[in-house]
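Q: I am new to this structure and would like to go through it step by step. Could we begin with what a pocket is, and then turn to the details?

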Amino acid sequence: MSDSDNPVAPPPWLNAPPVDPYPYEETYDLRKGPDLHPALLGLLPYVGLWRGRGRGGFPTIEDFDYAQEIRISHDGRPFLHYESRAWLLDEEGQPIRPAGREVGWWRPVLKDDGSATDELEVMLAVPTGIMELHLGKVTGTRVEIVTDAVLRTSTAKEVTAGHRLYGIVEGALLYAQDMAALGHPLSPHLSARLIRVGG
């Protein structure tokens with residue numbers, strides 16, 4: 001009986017040599033790294049590193065000011081990686097503490113020939129135990145998405161729906177986000193203006 005036929009033999013990866021670092025580049029700078037996948041051309045204005053300020057609120061909390069950094073990058077495949085980090089600001093604009101974080105992917109819906117439609121699927125997860133699937137459309141430099149499904153852990157707050165509108169206006173990234181949560185219908189939650197600082 002050979003080692004490959006022996007069910008108790010160690011798997012081939014058990015004593016394999018160490019693996020080199022991940023060999024494929026992901027970038028928010030279109031001047032370097034892999035070529036942007038043709039299906040992402042409609043989302044090209046969003047690729048970059050963005051930073052700016054916003055205002056938040058909800059019927060259950062007091063209004064607040066925040067700063068935010070959004071990184072939208074690609075690795076040559078037909079989706080964008082989205083990562084957002086925000087932090088609360090005091091009245092003088094100084095950091096108070098970390099706030100919301102999100103990570104996910106923007107995926108254009110493809111035709112049979114591999115080209116993009118104007119439809120978009122967006123999947124987002126936050127560390128407070130909420131995952132959202134959004135469906136939407138790309139119209140010029142405007143992206144509008146609405147939740148199709150919200151999943152929550154048993155300890156997450158009750159969020160039931162969301163609506164987001166993004167736009168590139170005079171070179172800046174603007175967005176407004178509505179949320180339905182804790183028994184309240186869709187209500188304004190966040191809005192911000194971010195400028196490109198990289199890419």
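A: A pocket is an open set of grid points with protein on both sides within 12 Å along at least five of seven lines. The model shown here is predicted.

Q: What is the volume of the largest pocket?
A: The volume of the largest pocket is about 710 Å³. Among the 30 residues lining this pocket, Gly100, Arg101, Lys157, His189 and Leu190 are the closest to its centre.

Q: Which strand gives the most to that lining?
A: Strand β4 gives the most, with six residues. At least two lining residues each come from β2 (61-73), β3 (80-89), β4, β5, β6, β8, β9 and β10.

Q: And how many of the lining residues are nonpolar, polar and charged?
A: The lining of the largest pocket has 18 nonpolar, six polar and six charged residues.

Q: Now the overall fold. In what order do the strands close into a barrel?
A: Ten strands form the barrel, in the order β1-β2-β3-β4-β5-β6-β7-β8-β9-β10, with antiparallel pairing. From one strand to the next, the twist averages 25 degrees.

Q: How many bridges join β4 to β5?
A: Seven bridges join strand β4 (residues 95-110) to β5, and the two run antiparallel. Within this pair, Trp105 stands opposite Met123 in β5. The two strands form a hairpin with five residues between them, and Gly114 in the turn has a positive phi of about 90 degrees.

Q: What about β5 and β6: over how many bridges do they pair?
A: Strand β5 (residues 116-126) and strand β6 (residues 130-139) pair in the antiparallel sense over eight bridges. Glu119 stands opposite Lys137 in β6, and Leu120 stands opposite Gly136 in β6. This hairpin has three residues between its strands, and Gly129 in the turn has a positive phi of about 95 degrees.

Q: Is Glu170 buried or exposed?
A: Glu170 is exposed, because its relative accessible area is 80% and the cut-off for exposed is over 50%.

Q: Where is Leu182, and what is its phi?
A: Leu182 lies in the loop between β9 and β10 (184-198). The phi of Leu182 is near 50 degrees, again a positive value in a residue other than glycine. Leu182 counts as partly exposed because its relative accessibility is 43%, which lies between the limits of 20% and 50%.

Q: Changing topic: how many cavities of 30 Å³ or more are there?
A: A search of the whole structure finds one. The volume of the largest cavity is about 30 Å³.

Q: Which residues line it?
A: The largest cavity is lined by Glu132, Val159, Ala161, Gly162, Gln177, Asp178 and Met179. Strands β8 and β9 are the elements that give two or more residues to this lining. By class, the lining of the largest cavity has three nonpolar, two polar and two charged residues.

Q: Finally, what does UniProt list for residues 40-196?
A: An unreviewed UniProt entry lists residues 40-196 as "domain: THAP4-like heme-binding". In the model, this span is 0% helix and 74% strand, and its end C-alpha atoms lie 19 Å apart.

Technical notes:
Residues are numbered from 1 along each chain as its sequence is written. This is a predicted model: local features need pLDDT of at least 70, side-chain atom pairs count only at pLDDT 80 or more; totals for chains, interfaces and linings use all residues. Side-chain values use heavy atoms; hydrogens and water are left out. Buried means under 20% relative accessible area, exposed over 50%, partly exposed in between (1.4 Å probe, protein chains only). Helices (H or I, at least four residues) and strands (E, at least two) are DSSP runs, numbered from the N terminus. On a 1 Å grid over the protein atoms alone, a cavity is a set of points where a 1.4 Å probe fits but cannot get out, and a pocket is an open set with protein on both sides within 12 Å along at least five of seven lines; lining residues have an atom within 4 Å of a point. Grid points are joined across faces, edges and corners, and a volume is the space filled by probe spheres set on the points. Ala, Val, Leu, Ile, Met, Phe, Trp, Tyr, Cys and Pro count as nonpolar, Asp, Glu, Lys and Arg as charged, and the others, Gly among them, as polar. Two strands pair if DSSP finds at least two bridges between them. Axes are lines fitted to C-alpha atoms, for helices over the stretch in contact, and angles run from 0 to 180 degrees between N-to-C directions. UniProt positions are given in the numbering used here, feature names are shortened, and annotations may be inferred rather than shown by experiment.
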